[in-house]
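Here are a few notes to read with the model open beside you.

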Amino acid sequence: EAVLHTEAALDTALAELETIRVRVSSKLGASEANLDGQELTDLNNHLVMATGIPAVAESLRQAGNSVGRVAIAKPEQPSNATVVASRDAWLSHVKSGMPDPWQNALEEGVPEPERLRRAVGTKVRALPIAEVPRAMMWGLVIGIILAALGIGLAVMGIPSAEIAVRVVTAAVGVAAGIGAFVIGRRRQRTAGIAAAHEFEERAREAISRVTDEYLVQPAAQVLDRHRRAREGLSV
């Protein structure tokens, strides 16, 4: 009789635990959202565009193709509407398939849009922007001097008054002048492209770090708790 009574109590306890497990499991989703997929890439790309990063890079490339000075664009803090929309889209993704309690936990865990907006703006505005050297202008100046020198020597008959020598002297001066300009132009263009690429890469990395801190990690903490609960209650 004692053994039978113990088994009955154990069965009752197990049944109660199973009821609790089923009840808790009904408040869990079937899986967790991927935090490192296309949604995160789209989010970062959206913020890159909103801060004017492509405009800065394009102005650096233009500086590499211009003899004169080019005004370099500056990155800016994204608008409140843009950040709100980006945050909402991210939350919609990470909350997908989650029951209400977990959706509420995600809402509470992710910082408010204004904090994210200030963080993004602070990061991008603190990025250094390389100055593109004006090698093309100096190449043009040196080229004109070399061409003028060659022609001047030819006119003065230096090193020889013979026509053939004068022609060669002038041609060498003009060729050297053109070469100086081409070299200067190539160096400046290469520097502009390199500066644009470097700035864009740094800006993307900075924005990625902000979104990781303010969006990915807070969501990951909640989803990790959800995963442990889901796996612990699975049978």
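1. First, a word on names: helices here are DSSP runs of H or I with at least four residues, numbered from the N terminus. Also keep in mind that this is a predicted model.

2. With that naming, Pro159 sits in the loop between α7 and α8. Have a look at the peptide bond from Ile158 to Pro159: it is cis, with omega near 5°.

3. On either side of that loop, how do the helices pack? Helix α7 (residues 135-156) and α8 meet at an angle of about 180°, and their axes are 7 Å apart. An angle over 145 degrees counts as roughly antiparallel, so that is what α7 is to α8. Sorted by class, their contact has 16 nonpolar, eight polar and three charged residues.

4. Helix α8 covers residues 163-233, which is 71 residues. At 1.5 Å a residue it should span 105 Å, and its end C-alpha atoms are 99 Å apart, so the two agree. Do check Asp212, though, where α8 bends by about 45°.

5. Lastly, the largest pocket: it holds about 190 Å³ of space. Its lining comes to 13 residues, with Ala63, Arg69, Val70, Glu131 and Val132 nearest the centre. By class, that lining has seven nonpolar, three polar and three charged residues.

Conventions: Residues numbered from 1 in each chain as written. Predicted model: local features only at pLDDT ≥ 70, side-chain atom pairs only at ≥ 80, totals over all residues. Heavy atoms only, no water. Helix = DSSP H or I, 4+ residues; strand = E, 2+ residues; numbered from the N terminus. Expected span 1.5 Å × (residues − 1). Bend = angle between axes of the 7 residues up to and from the residue. 1 Å grid on protein atoms, 1.4 Å probe; cavity = no way out; pocket = protein on both sides within 12 Å on 5 of 7 lines; lining within 4 Å. Points joined across faces, edges and corners; volume = space filled by probe spheres on them. Nonpolar A, V, L, I, M, F, W, Y, C, P; charged D, E, K, R; others polar. Axes fitted to C-alpha atoms, helices over the stretch in contact; angles between N-to-C directions. Parallel < 35°, antiparallel > 145°, perpendicular 65-115°, else oblique.
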